[in-house]
Amino acid sequence: MTTTQRVRTFIAEELRWDGTREQLTDDYPLLDGSVIDSLGLMRIVQFLEEECGIEIADEDLVPENFATLSAIATLVDRKTP
Amino acid sequence: MDFDLTDDQRVLRDEVISFARAELNDDVGARDKQASFAAEEWQKCAEFGIQGLPVPARYGGGDADPLTIMLAMEALGYGCKDNGLIFSLNAQMWACEVPILLFGTEKQKQKYLPAMCGGSLVAAHAMSEPGSGSDAFGLSTTAKPSGDRWVLNGSKTFVTNAPIAEVFVVFATADRTKGFAGLCAFVIERDTPGLSVGHPLEKMGLRTSPIGELFLENCEVPLENLLGKPGAGMPIFNSSMEWERSCILASTVGTMQRQLERCIEYAREREQFGQSIGTFQAVSHKIVDMKLRVETARCLLYRLGWLMSQRKATPLDSALVKLYLSESSVSTGLDAIQVHGGYGYMVEYELERELRDAIGSRIYSGTSEIQRNVAAAFLGISQ
């Protein structure tokens with residue numbers, strides 16, 4: 001399973017997502033669409049650190065890194081040793 | 001698993017207790033009545049090294065690790081009866097020094113941190129607004145870029161240290177439609193045109209810690225006063241809240257220990273019906289509950305300090321510590337008064353003041369209800 005798929009599953013099952021998984025596209029606006037709130041962001045960070053074995057610093061928590069599933073995957077790729 | 005303190009930690013703890021007892025406890029009752037801030041004691045704390053605990057030595061700090069910081073603050077709470085002074089120290093350390101240290105430019109760090117550590121500069125953190133408290137990111141203060149400046153408009157309330165602060169860490173939104181992603185943080189000096197501070201607000205407890213409102217009216221802030229990147233307000237706020245929730249109540253563990261020892265002494269000496277009141281289970285069981293509470297609180301706190309040192313702490317850990325320590329300090333404050341009976345209710349015995357001080361802990365830095373919400377979310381049982 002790719003990073004994008006894993007994060008999509010996490011968001012669909014754990015956060016505020018009422019649609020289908022197909023509707024949660026790679027470019028769906030997660031922040032502007034209020035899918036991720038501040039608490040949800042902290043939970044995604046914990047999920048990524050545990051699932052992907054990476055460390056996400058405070059300075060990485062900027063909107064552009066979490067705006068879409070694609071952006072999150074890019075962040076994970078960049079952080080993966 | 002090793003529960004022993006290092007020799008250095010033991011020495012620091014003992015030194016903090018001796019310092020606090022000798023230097024910080026004069027006229028606390030009078031200061032509480034007058035709601036006056038202990039400026040001289042603040043300076044003494046700085047000279048001892050309290051304000052600099054979390055700050056690296058190159059910026060004038062003590063470069064202490066999280067567990068050592070917690071031990072020092074616990075010792076401060078044990079030795080110092082001015083909980084308002086300790087609250088003001090906490091407000092600066094976690095919500096002003098830490099964000100500048102973690103997100104500030106080198107110039108900002110050089111300009112502000114040595115002065116904060118040295119006691120000459122008091123700082124305040126301005127997030128809450130009349131319309132946004134627990135819903136912190138629902139704030140309405142705006143920040144608009146204009147040439148080489150940001151222009152801020154709005155008002156803040158419950159700003160601890162505002163009446164005496166010379167510099168403020170202020171949060172504002174650059175784009176309300178983006179929610180928390182539009183949030184920006186600024187370091188703003190008191191004499192900046194457009195910034196004004198309201199009258200001090202009167203509180204139930206922690207009365208020696210001044211608190212007030214902050215008004216921003218076309219307040220023009222140079223671009224270089226932005227803290228972190230545009231839109232980085234949320235991680236700045238969250239990281240400082242993690243530090244604050246983790247450390248702000250370390251002193252209450254010391255306070256609870258002091259109250260426990262005082263209750264044991266009183267229960268052994270005070271006689272009713274021809275025997276010491278400690279022989280009555282109604283009293284002794286209450287004191288045992290106080291002991292259990294302080295030991296549990298200390299274990300939770302130290303474990304969090306260790307997790308922070310290992311970079312393994314999560315918002316769940318800090319929420320549980322904040323929740324348990326605040327609720328415990330209120331329960332212990334009530335028990336201490338009950339053990340002392342009528343005397344405990346008297347101002348002279350200082351227990352009523354400590355209870356008033358403790359009640360605020362269930363509200364500031366996120367209410368107990370918010371801590372439960374955070375914990376529930378991280379347990380996967382709510383969104």
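B:Asp14 forms a salt bridge with B:Arg13, and the closest N and O atoms of the pair are 3.4 Å apart. The model is predicted. Over all chains, the count comes to 27 salt bridges. Side chains of opposite charge can pair when their charged atoms come close.

**The pair B:Asp14 and B:Arg13**

- B:Asp14 is partly exposed, at 38% relative accessibility.
- B:Arg13 also counts as partly exposed, and its relative accessibility is 29%.

**Salt bridges across the sequence of chain B**

- B:Glu189 and B:Lys111 form a salt bridge in which the closest N and O atoms are 2.8 Å apart.
- B:Glu189 belongs to strand 5 (residues 183-189) of chain B and B:Lys111 to helix 6 (residues 106-118) of chain B, so this pair ties together parts that are 78 residues apart in sequence.
- B:Arg362 sits in the loop between helix 11 (351-359) and helix 12 (368-378) of chain B, while B:Glu327 is in helix 10 (residues 315-345) of chain B; the pair links distant parts of the chain, 35 residues apart.
- The relative accessible area of B:Arg362 is 35%, and the residue is partly exposed.
- B:Glu74, B:Lys291, B:Glu295 and B:Arg298 are joined into one network by salt bridges that share partners.

**Negative surface patch on chain B**

- B:Asp2, B:Asp4, B:Asp7 and B:Asp8 form a negative surface patch.
- B:Asp8 has a relative accessible area of 65% and is exposed.

**Buried residues of helix 4 in chain A**

- Helix 4 of chain A spans residues 69-79, and its buried residues include A:Leu69, A:Ala71, A:Ile72, A:Ala73, A:Leu75 and A:Val76.
- The buried residues of this helix pack against helix 1 (3-14), helix 2 (38-52) and helix 3 (63-66) of chain A.
- An α-helix has 3.6 residues a turn, so residues three or four places apart point the same way.
- A:Leu69, A:Ile72 and A:Val76 are among the buried residues of helix 4 of chain A.

Technical notes: Residues numbered from 1 in each chain as written. Chains lettered and ligands numbered in written order. Predicted model: local features only at pLDDT ≥ 70, side-chain atom pairs only at ≥ 80, totals over all residues. Heavy atoms only, no water. Patch = residues over 30% accessible without salt bridge, like charges linked within 9 Å, V, L, I, M, F, W, Y side chains within 5 Å. Areas by Shrake-Rupley, 256 points an atom, 1.4 Å probe, with all protein chains shown as cover. Salt bridge = Lys/Arg side-chain N within 4 Å of Asp/Glu carboxyl O. Lys, Arg positive; Asp, Glu negative; His and termini not counted. Charge placed at Lys NZ, Arg CZ, Asp CG, Glu CD. Buried < 20%, exposed > 50% of the residue type's maximum accessible area, 1.4 Å probe, protein only. Helix = DSSP H or I, 4+ residues; strand = E, 2+ residues; numbered from the N terminus. Contact = heavy atoms within 4.5 Å.
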